[in-house]
Amino acid sequence: MKIGIVCHPSIGGSGLVATELGHELARLGHEVHFISSAPPFKLSRNQPNVHFHLVEAIHYPLFQDPLYTFALTAKIVEVVNQYQLQVVHAHYSIPHSLCAYLASEITDQPFPVVTTIHGTDVTVVGQDRPLYPLNQFSINRSTRVTTVSNFQQHYIHRHFQVDAPIEVIHNFIDLQRFSPNNPAAVARHTLAKDEEKIVMHLSNFRPVKNTQTVINAFARLSSALPARLVLLGSGPSLEPCQTLCHQLGISERVHFIGEVRNVEHYLPLADCVIQPSYRESFCMALLEAMACGVPTVSSDVDGIPEVVEHGVSGYMAPADDVEAHSRHLLAILTDPQRQRRFGQAGRRRAAERFHPAEKAEQYLACYRQAINACLLPTGNH
Ligand code: GMT
């Protein structure tokens with residue numbers, strides 16, 4: 001199959017899933033064309049069957065902004081025509097799904113658009129009043145719509161008027177790269193002393209990730225046992241978090257590592273990963289930790305209970321319950337058997353429920369349905 005994938009290039013869940021899906025499809029022999037404003041952060045440029053097409057901003061003195069959505073639409077038209085793509089898969093509804101739909105109306109030969117809703121596109125960003133009708137329109141005009149959890153499917157049905165079915169295809173993880181024994185892992189002694197436990201958190205430091213609670217829970221924990229907090233990522237709440245560490249007097253026990261492209265080089269060193277987000281359609285960070293055999297402590301919101309099994313591979317609690325999160329951290333970090341058992345259960349669950357080959361097959365079936373629907377007389381897709 002010849003497949004176009006439109007995604008955000010920056011570090012984040014939707015771009016990550018889109019890119020790993022493209023890699024998997026290319027491994028299966030399909031021709032995959034990524035279309036984005038920069039190479040997606042995980043893109044493997046030298047993999048056979050993988051192509052990248054840059055969307056170049058339109059700069060013209062009359063325009064005050066670079067007209068990204070039109071540049072993207074034009075690029076989709078160009079790539080579909082040149083490479084005879086059979087389907088375009090838009091990750092994130094705004095603006096990708098809308099641009100793909102517009103492109104399909106412009107090309108001589110209309111093509112099907114598969115849209116995957118990742119979460120913030122319809123929850124955080126998508127609830128913005130002016131954008132709401134655009135989201136509703138693009139969801140309804142997509143030939144097929146998928147989303148990454150049952151929670152997110154229900155959310156879309158509750159908040160939007162959607163005519164077509166929405167298929168749930170959970171996210172997935174590469175168990176070879178995300179493994180307890182990654183040979184490329186960083187040296188443990190660079191993060192902590194032998195006797196110290198390592199608590200880790202990964203995020204884009206946006207308010208929705210609730211990183212303040214990570215720090216408050218860690219502050220309580222570290223008064224009970226020797227531990228280090230390792231924070232991967234960067235974003236607007238980074239500075240307030242550094243200030244909070246300073247105020248709590250724990251700065252020398254906290255490492256702000258910054259943006260990391262290969263989190264799989266850090267995760268195997270964690271004794272526990274903590275993610276107390278306010279919203280999470282799925283939470284790739286938790287699945288990545290599980291695949292690396294690391295127990296998790298998290299909030300219990302949205303799609304998280306579809307990823308984590310409470311009391312089996314990790315613990316969940318309400319997002320702002322600092323006391324519960326620190327109690328959960330302590331329960332895992334003071335009981336090596338529990339830590340091992342939870343870690344093994346997480347990896348097993350990742351392998352059984354979130355396998356890349358299985359999810360790629362589900363997406364391929366969805367593409368085939370979309371292509372068939374597009375061949376039917378108008379009005380049937
Ligand atoms: O969580 C973010 O801020 C990034 C966001 C994105 O769109 O890149 O992640 C969303 O998509 C991921 C991949 O499907 C999910 O694992 C995340 O849970 C989801 N984030 C939210 O729902 C807040």
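Biologist: Before we start, what are the ground rules here?

Modeller: The model is predicted, with local features needing pLDDT of at least 70 and side-chain atom pairs counting only at pLDDT 80 or more, while totals for chains, interfaces and linings use all residues. Residues are numbered from 1 along each chain as its sequence is written, and side-chain values use heavy atoms, leaving out hydrogens and water.

Biologist: Ok, which domains does the protein chain have?

Modeller: Domain 1 (2-172 + 355-375) and domain 2 (188-353); the bounds come from an automatic or database domain assignment. Their centres, taken over C-alpha atoms, are 30 Å apart.

Biologist: How much area do domain 1 and domain 2 bury between them?

Modeller: About 1,500 Å², with 56% of it on carbon and sulfur atoms. That is the accessible area (1.4 Å probe) the two parts lose on being put together, summed over both. On the domain 1 side, I11, K42 and F151 lose the most, together 31% of what that side buries.

Biologist: What about N171 and S281, how far are they from a ligand oxygen?

Modeller: A side-chain N or O atom of N171 is 2.9 Å from one, and a backbone N or O atom of S281 is 2.8 Å from one. The ligand exposes 490 Å² taken alone, and the protein buries 93% of that (Shrake-Rupley, 1.4 Å probe).

Biologist: Last topic: what does L287 touch?

Modeller: N171, F172, I173, F282, V307, A350 and F354, not counting residues up to four places away in sequence.

Definitions and conventions: Contact means heavy atoms within 4.5 Å. A polar contact is a pair of N or O atoms within 3.5 Å; within protein, one must be able to donate a hydrogen and the other to accept it, and residues adjacent in sequence count only if both atoms are side-chain atoms.
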